[in-house]
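The following exercises concern a predicted model. Please inspect the sequence and the structure before reading each solution.

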Amino acid sequence: MGGRTTRQRRAVLRLLAGRQDFMSAQELHALLVAGAQPVGLTTVYRALRELEADGGVDVVRDEAGERLYRRRPVDGHRHYLICRCCGRSRPVESEVVEEWADRIAADTGFAAVQHTVELTGLCAECDTTADEQGEGPSCRWEPDHRGSRGRARNCAN
């Protein structure tokens, strides 16, 4: 991670490394403070921004557009399919996307090409909650979700 590796930044990294779910900067900050880690919200945002720039985190957006973070696996960049109902996330095979981005970069002469691919849908559990009249799923949120806004959670296991 760029910049000085302070005690606070190490705390952010440790907490992210111990979680499989995507989480917002505010959730990360709250967990750090609740765990007696005195760290400011600005420091959390700065650490996440640097981790993103260095390729240390994967970033997705929830249905409200909020950025959610998860420590990037050691095997590199991933793309996720996220349930629009419950926020569950699942890594997906995306080699074709990576090859396409590399080809576009080579064909155009651009360097340092970055891309964002957002795949959303309804997971099998949420899809089966649609009633017989087709009114759609009755979405369920985990207890730690904020109000009506959700947080992507990993269902790869």
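**Exercise 1.** Determine which residue follows helix 3 and what its phi is.

*Solution.* The residue that follows helix 3 is Gly55. The phi of Gly55 is positive, near 80°.

**Exercise 2.** State how far helix 3 reaches from its first C-alpha to its last, and which of its residues are buried.

*Solution.* Step 1. Helix 3 comprises residues 41–53, that is, 13 residues. From its first C-alpha to its last it reaches 18 Å, close to the 18 Å expected at 1.5 Å a residue.

Step 2. A residue counts as buried under 20% relative accessible area. In helix 3 the buried residues are Thr43, Val44, Ala47, Leu48, Glu50 and Leu51. Because they cover an arc of only 165° around the axis, they lie on the same side of helix 3.

Step 3. Exposed residues, namely Thr42, Arg49 and Ala53, are found on the other side of helix 3.

Step 4. The cover over the buried residues of helix 3 includes helix 1 (7–17) and helix 2 (25–34), as well as strand 1 (57–61) and strand 2 (67–71).

**Exercise 3.** Locate Ala36 and Ala112, and decide for each whether the residue is buried or exposed.

*Solution.* Step 1. Ala36 belongs to the loop between helix 2 and helix 3. Its phi is positive, near 65°, although Ala36 is a residue other than glycine.

Step 2. Ala112 lies in the loop between helix 4 (95–108) and strand 5 (119–121). Ala112 is not a glycine, yet has a positive phi of about 55°.

Step 3. Exposed means over 50% relative accessible area. Ala36 has 63% and is therefore exposed; Ala112 has 72% and is therefore exposed.

Terms used. Residues are numbered from 1 along each chain as its sequence is written. This is a predicted model: local features need pLDDT of at least 70, side-chain atom pairs count only at pLDDT 80 or more; totals for chains, interfaces and linings use all residues. Side-chain values use heavy atoms; hydrogens and water are left out. Helices (H or I, at least four residues) and strands (E, at least two) are DSSP runs, numbered from the N terminus. The expected span of a helix is 1.5 Å times one less than its number of residues. Buried means under 20% relative accessible area, exposed over 50%, partly exposed in between (1.4 Å probe, protein chains only). The arc is that of the directions from the helix axis to the C-beta atoms. Contact means heavy atoms within 4.5 Å.
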